[in-house]
Amino acid sequence: MQIPLYQIDAFTDRPFAGNPAAVCLLDAWPDNALLQSIAAENNLSETAFLVKDGARYQLRWMTPVTEVELCGHATLAAAFVVFNHIDPALNEVVFDTLSGELRVRRGDGALQMDFPSLPPVPCTCPPELLAALGTPPQEVLRSPSYYLARFDSADTIRALQPDMEKLKALDLMATIVTAPG
């Protein structure tokens with residue numbers, strides 16, 4: 001099986017800058033294990049997989065270890081590939097994803113993305129998050145893909161010594177820590 005693969009540096013206009021993502025063009029969906037193996041071999045934060053579906057594209061994103069529900073820079077990279085290598089006549093591409101319909105348009109010399117707003121909501125601090133951070137946050141919020149832990153000061157953040165293995169084992173993709181400036 002040959003799979004066209006592009007590595008795109010998003011959020012930049014020069015090589016070796018920005019945020020890299022791989023984009024793989026598929027005729028149909030292979031099994032998830034193959035997608036995961038490709039993403040692991042690419043060893044980038046995300047690999048985008050595209051399958052054309054009529055005038056739209058199905059889009060999925062994989063990290064080296066798991067599938068994610070939403071990824072901005074890999075969506076931008078996928079749109080760049082569609083606009084520059086698949087269908088240069090398009091002015092808008094529509095992606096069907098785990099997060100719903102996402103649109104990317106050409107405009108004013110740039111690509112414009114329309115993404116869902118998924119603001120985090122307050123939640124009880126999971127014991128696993130507390131164990132990973134080692135210091136109790138003042139507040140914890142949860143979105144569909146990340147925890148946001150708010151601490152009282154930047155000094156508290158600098159003193160954190162999180163257990164990265166415990167953070168990786170959490171049920172969400174990422175953890176953000178913040179404090180008032």
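These legends describe close-up views of side-chain interactions in a predicted model. Local features need pLDDT of at least 70 and side-chain atom pairs count only at pLDDT 80 or more, whereas totals for chains, interfaces and linings use all residues. Residues are numbered from 1 along each chain as its sequence is written, and side-chain values use heavy atoms, with hydrogens and water left out.

**View 1. R56 and D96 form a salt bridge between two strands.** A salt bridge is a side-chain nitrogen of Lys or Arg within 4 Å of a carboxyl oxygen of Asp or Glu. Here the closest N and O atoms are 2.6 Å apart. R56 sits in strand β4 (residues 56-62) and D96 in strand β6 (residues 92-97), so the bridge ties together parts 40 residues apart in sequence. Strands (E, at least two residues) and helices (H or I, at least four) are DSSP runs, numbered from the N terminus. R56 is partly exposed at 28% relative accessibility. D96 is partly exposed too, at 26%. Buried means under 20% relative accessible area, exposed over 50%, and partly exposed in between (1.4 Å probe, protein chains only).

**View 2. R105 and E92 form a salt bridge.** The closest N and O atoms lie 3.1 Å apart. R105 belongs to strand β7 (residues 100-107) and E92 to strand β6. R105 is partly exposed, with a relative accessible area of 30%. E92 is partly exposed at 29%.

**View 3. K168 and E165 pair within helix α5.** Their salt bridge spans 3.0 Å, N to O. Helix α5 covers residues 164-168. K168 and E165 are exposed. Elsewhere, salt bridges that share partners join R56, E92, D96, E101, R103, R105 and D114 into one network. The whole structure holds 11 salt bridges.

**View 4. E46 is buried without a salt bridge.** E46 lies in the loop between α1 (32-42) and β3 (47-53). The nearest side chain of opposite charge, R60, is 13 Å away. For charge, Lys and Arg count as positive and Asp and Glu as negative; His and the chain ends are not counted. The E46 side chain makes a polar contact with the side chain of S45, at 2.9 Å. A polar contact is a pair of N or O atoms within 3.5 Å; within protein, one must be able to donate a hydrogen and the other to accept it, and residues adjacent in sequence count only if both atoms are side-chain atoms. Residues that E46 touches (heavy atoms within 4.5 Å) include W61, M62, V68, C71 and H73, not counting residues up to four places away in sequence.

**View 5. C71 is buried, and its sulfur is too far from any other cysteine sulfur for a bond.** The closest cysteine sulfur, in C24, is 13 Å away. C71 has a relative accessible area of 5%. The whole structure has 0 disulfides (cysteine sulfur pairs within 2.5 Å). C125 is in no disulfide, and the nearest cysteine sulfur, that of C123, is 7.3 Å away. C125 is partly exposed, at 25%.

**View 6. Y57 and F95 form a tilted aromatic pair.** The structure holds 1 aromatic pair. The ring centres are 6.3 Å apart, with 55 degrees between the planes. Rings of Phe, Tyr and Trp (its six-membered ring) pair if their centres lie within 6.5 Å; planes under 30 degrees apart count as stacked, over 60 as edge-to-face and the rest as tilted. Y57 is in strand β4 and F95 in strand β6, so the pair ties together parts 38 residues apart in sequence. Y57 is buried at 3% relative accessible area. F95 is buried at 0%.
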